[in-house]
Amino acid sequence: MAEFMTGLKRTHYCGTLRASDIGKEVVVCGWVQRQRDLGQLIFIDLRDRTGIVQLAFDETTEKEIFDKAFSARSEFVLCAKGEVRERSAKTNKIETGDIEIAVKDLRVLSKAQTPPFEIVDDSKTGEDVRLKYRYLDLRRAPLQKNLLIRSKISKIARDYFYENGFIEIETPMMIKSTPEGARDYLVPSRIHNGKFYALPQSPQIYKQLLMLSGFDRYIQLARCFRDEDLRADRQPEFTQIDMELSFVDVDEIMEINEGLMKRLFKEVMGKELETPFERMSYSDAMNTYGSDKPDVRFGMTIKDLSDTVKDIDFVVFKSALENGGLVRAIKADGAASTLTRKKIDKLTEFVKGIGAKGLAYIRWADDTPSCSFNKFLGDGDLDRIIEQTDAKKGDVVFIVADKNSVTLPVLGALRLEVARQLDLIPKDEFKFLWIVDFPFFEKDEESGEWVAMHHPFTMPKEECLEYLESDPSKVIAKAYDLTLNGTELSSGSMRITDYELQQKMFRALKMTDEEIEAKFGFLVEAYKYGAPPHGGMGIGLDRLCMLFCGADSLRDVTAFPKVQNASELMSGSPSAVDKESLDVLGIEIKES
């Protein structure tokens with residue numbers, strides 16, 4: 001039967017005791033990590049969220065207490081009172097390795113069955129099992145450390161914004177469905193039968209309305225929801241450090257966010273960041289790295305070979321160039337000995353899997369370079385390619401030919417994959433990068449129509465306004481992304497506040513008056529009553545924590561995450577609902 005803590009009150013956490021506490025009488029509480037029975041001597045490693053401390057029981061311990069220690073098993077919950085003393089067999093494996101507690105009183109607060117897996121830092125148990133018993137998985141030190149870091153980041157962020165004049169305001173969780181780039185999660189209304197709320201993909205419209213309301217600087221750790229396919233750095237529900245500022249321009253918003261990152265890195269990581277961060281145009285990022293969130297911790301940049309190979313009678317190159325595409329390449333320095341023909345074949349399959357038709361290459365392992373398209377080369381052709389790519393003996397050059405929308409992202413992904421295989425990516429280096437000057441529109445390849453790259457309230461650069469309807473390709477957005485080590489942390493923009501310009505934007509997006517009124521009528525109406533210039537952004541808290549913790553997945557920094565099919569294994573969510581509940585909502589389930 002469980003005992004109570006009557007007469008005992010915790011004085012210290014397990015992992016906080018040190019040699020300076022020797023001689024103190026303390027009370028600690030926690031879970032049994034392990035028990036070691038040496039006959040006349042018993043040791044228990046007691047664990048809480050701060051770490052482990054050793055409890056000692058010997059010939060001086062009362063028999064009743066000794067017997068309780070003897071019966072204790074893994075994951076029993078204990079409360080122990082005793083004196084801190086020097087440990088005879090010291091260890092540097094734990095922070096409390098210099099001391100132990102000579103126990104005088106022991107309470108078994110809760111017994112535990114043998115858990116389905118051992119609660120150890122480097123668990124080899126499959127993730128599905130650990131997620132099913134997530135409450136046990138969360139007892140492991142690495143996950144506890146991650147969530148404690150997440151808590152610290154949240155507190156520092158709030159403190160920083162409060163110090164800089166921001167006001168924390170909550171926005172609704174059940175809102176009107178508006179298009180923001182992904183499918184909404186919908187919530188049926190019982191009272192308004194047949195109508196639905198949407199869970200917010202972001203607080204976008206509400207935070208703009210708060211600027212119109214005169215709050216000037218808004219901040220919220222906002223929960224956001226998107227019904228989209230999952231991956232390692234995506235969850236259906238996530239948190240943004242969301243902000244909006246009035247009477248500012250892009251530089252001031254960037255400065256505020258650089259200051260936040262500087263504070264976070266100093267207080268969480270103990271690292272000093274240099275500001276301002278580098279800025280790179282969207283065009284340069286795509287043409288140089290094949291990505292709008294490039295990892296700039298290593299080189300291997302993209303080279304344009306189109307002019308160099310235009311006269312080579314190789315159908316892959318000629319077809320791409322004749323159809324308005326380009327021939328581009330990346331060079332892996334000194335990779336010829338590592339990237340064997342077999343590995344290059346696997347890389348070819350990799351690029352085919354992401355949209356490329358194939359992969360041409362030059363591998364210079366011996367005195368003479370080996371070229372996959374050698375039979376199509378004329379005199380001097382190979383020399384010109386080698387000169388253009390600055391290749392030398394020991395290097396490998398990879399070439400992709402296609403339309404730009406294929407060539408650049410394929411080479412960008414190949415660059416990262418090759419860098420991983422060659423171990424070129426520094427582990428302890430953090431490179432922030434602002435991506436700026438995004439195109440306002442992109443052409444839909446199927447319909448040929450120009451569509452917005454951003455939400456319809458994004459402000460175009462003033463010098464581009466004349467091209468809004470005549471030449472959409474020339475319109476640049478006042479938008480900006482903050483990236484870190486190849487991960488997009490944040491996206492933001494200045495907002496349109498002029499009623500007439502907003503109407504012009506809607507027309508450029510070919511939206512009808514009925515669509516505008518149905519989706520954004522209340523916001524458009526608000527613009528008529530005096531709107532300050534404003535802009536903002538939302539930083540992905542989950543992704544930021546993932547990078548700070550060195551985690552491979554958002555699941556490692558989320559307490560109760562979803563898996564790839566958007567289900568939560570522990571609770572069995574989502575689940576079926578009884579017919580009575582559906583009838584109240586006027587919903588009928590049809591078999592798909």
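Predicted model: local features only at pLDDT ≥ 70, side-chain atom pairs only at ≥ 80, totals over all residues.
1. Residues are numbered from 1 along each chain as its sequence is written, and side-chain values use heavy atoms, leaving out hydrogens and water.

2. Now to the rings. Across the whole structure, a search finds 16 aromatic pairs (ring centres of Phe, Tyr or Trp, the latter by its six-membered ring, within 6.5 Å; planes under 30 degrees apart are stacked, over 60 edge-to-face, the rest tilted). Phe265 and Phe430 make an edge-to-face pair, 5.1 Å centre to centre with 75° between the planes. Phe265 lies in helix H6 and Phe430 in the loop between helix H12 and strand S17, so this pair ties together parts 165 residues apart in sequence. Helices (H or I, at least four residues) and strands (E, at least two) are DSSP runs, numbered from the N terminus.

3. Phe265 is buried, with a relative accessible area of 0%. Tyr282 and Phe438 form a tilted pair, at 5.3 Å centre to centre and 40° between the planes. Tyr282 sits in helix H7 and Phe438 in the loop between S17 and strand S18, 156 residues apart.

4. One aromatic cluster is formed by Phe265, Phe277, Phe430, Phe432 and Phe548.

5. Helix H5 (residues 204-212) is mostly covered, with eight of its nine residues buried. Gly214 follows H5 and has a positive phi, near 95°.

Notes:
Buried < 20%, exposed > 50% of the residue type's maximum accessible area, 1.4 Å probe, protein only.
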